[in-house]
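Thanks for making time. I will keep this short and go through one part of the structure, then a few residues around it. Please have the view open.

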Amino acid sequence: MDQKRIVVFIGPSLTLNDARNILDADYQPPVARDDISALLNDPPNIICIIDGVFHHKPAVSHREVLQALKAGVTVIGGSSMGALRAAELDYAGMIGIGTVYQNYRDGKIESDDDVAIVFDPVTNELLSEALVSMSYNFQMAEKKGIITHIDFKKLYETAKNIYYPQRNYLRVLSASGLEKNKIKKLETFLDHEGIDIKAEDAKKALKYIKDLLQ
């Protein structure tokens, strides 16, 4: 098979080392408006959107994703901005991968706030927690009987009402009003079994591409 040119827009959802261990590709920073249009002068075979900018710069537009699809580029999305755009554009042929994409597609989440985080632009270290990951972990804790469904709703609403740059587990648990013994059990669960669903989805998207090439 001919060597395929793959461009992946990635940021805080998965470290570059972890990404490169899965797939050899041209890794670029989180996608912003016109970044995909710029690629279409010499279109790659595959574009994968994991992370993208939301608020401090204009986000990647639907129009440029549609242009890429029209140019014959395979466009895949998952995890964060990629999941959101894939849910909006899968009707046109964009391929969505992972839990976050499915949640957007099924209307379980609707806002970009659910995946928005802040991160250190130099190290890509997460400085806040994504609501979608928090919600997933709180649901897992409910399934294990650590918290009740009422507790879950209380935690979710508390997290939702915290502005995303300040959203983290410590702040949410402190503001939730849950009993101290439940908070302690929940902290233990999060430390040992908590999952970063965005990272897991990013890995799934890259593995999907790898399988596609075989």
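Helix H7 covers residues 149-160, which is 12 residues. From first C-alpha to last it reaches 16 Å, close to the 16 Å expected at 1.5 Å a residue. Keep in mind that this is a predicted model.

Which residues of H7 are buried? They are Asp-151, Phe-152, Leu-155, Tyr-156, Thr-158 and Ala-159. These residues span an arc of only 165° around the axis, so they sit on the same side of H7.

Next, what covers them. The cover over the buried residues of H7 includes H6, helix H8 at 169-175 and helix H9 at 180-193.

Ser-135 lies in helix H6, which runs over residues 131-143. Its relative accessibility is 14%, and because the cut-off for buried is under 20%, Ser-135 counts as buried. Leaving aside residues up to four places away in sequence, Ser-135 touches Phe-152 and Tyr-156. Both of those are on the list of buried H7 residues.

Now the aromatic rings. How many aromatic pairs does the structure hold? There are three. In one of them, Tyr-163 and Tyr-164, the ring centres are 5.1 Å apart and the planes stand at 70°, so this pair is edge-to-face. Are the two partners buried or exposed? Tyr-163 has 54% relative accessibility and counts as exposed, whereas Tyr-164, at 9%, is buried.

That is what I have for today.

Note on methods:
Residues numbered from 1 in each chain as written. Predicted model: local features only at pLDDT ≥ 70, side-chain atom pairs only at ≥ 80, totals over all residues. Heavy atoms only, no water. Helix = DSSP H or I, 4+ residues; strand = E, 2+ residues; numbered from the N terminus. Buried < 20%, exposed > 50% of the residue type's maximum accessible area, 1.4 Å probe, protein only. Contact = heavy atoms within 4.5 Å. Phe/Tyr/Trp six-rings, centres within 6.5 Å; stacked < 30°, edge-to-face > 60°. Expected span 1.5 Å × (residues − 1). Arc of directions from axis to C-beta.
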